[in-house]
Amino acid sequence: MMVAALENGSVIDHIPTDKLFTIVQLLELDTFTNEVLIANNLNSKVMHKKGLIKISNKFFTEAEISKLAVVCPNIRLTVIRNYQVAEKRQINLPETVIDIVRCANPVCITNNEPMKTYFTIQNLRTLKCRYCGKEQSLESIKLK
């Protein structure tokens, strides 16, 4: 497959194939005006099949990286500057998730008052709401 080298921008790699289009939607890549490459079902020695996104002239904020980590922990983010790898890092779940996920408890104060949600990571699969104590799995979360 022939793909042009990226002069400046970001590459999100090691995306599980079932999460690729969730990330596309989360990052609103359909509205992005620069070059975007979205590839799915690529062969991978580690994952068997994977997705990959290359975005020209896009550098992620820590808030965007936290959103990515919640939706798809253990992806790899590579920053390219002047055709060179400037940074490569594994994206892992943060210890806290603020204003990214909706609480699953309909009577939680965060669903009834204009305030940010706040979750702590209980293990690699569960979030716990700081306000009502409701636990929910990463697979069942709803983003704000």
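Two strands count as paired if DSSP finds at least two bridges between them. With that in mind, the predicted model can be read starting from one of its pairs. Strand β4, covering residues 75-81, runs antiparallel to β5, and the two are joined over 7 bridges. Within this pairing, Arg76 sits opposite Gln90 of β5.

A step back shows the sheet to which this pair belongs. It is an open sheet of 5 strands, ordered β2-β3-β1-β4-β5, with antiparallel pairing. The edges are held by β2 (36-44) and β5 (84-91); each has a single partner strand, so one side of each is left without a neighbour in the sheet. On average, neighbouring strands are turned by 20° against each other, direction ignored. Helix α2, residues 62-71, packs on this sheet and touches β1 (9-15), β4 and β5. The direction of α2 makes about 50° with that of β5.

The cysteines deserve a look of their own. The structure holds 0 disulfides, a term that calls for two cysteine sulfur atoms within 2.5 Å. Cys103 is in no disulfide: its nearest cysteine sulfur belongs to Cys132 and is 3.6 Å away. Cys103 is also buried, at a relative accessible area of 6%. Cys108 likewise takes part in no disulfide, and the nearest cysteine sulfur, that of Cys129, is 3.7 Å away. With a relative accessible area of 1%, Cys108 is buried.

How values were computed. Residues numbered from 1 in each chain as written. Predicted model: local features only at pLDDT ≥ 70, side-chain atom pairs only at ≥ 80, totals over all residues. Heavy atoms only, no water. Helix = DSSP H or I, 4+ residues; strand = E, 2+ residues; numbered from the N terminus. Axes fitted to C-alpha atoms, helices over the stretch in contact; angles between N-to-C directions. Contact = heavy atoms within 4.5 Å. Buried < 20%, exposed > 50% of the residue type's maximum accessible area, 1.4 Å probe, protein only.
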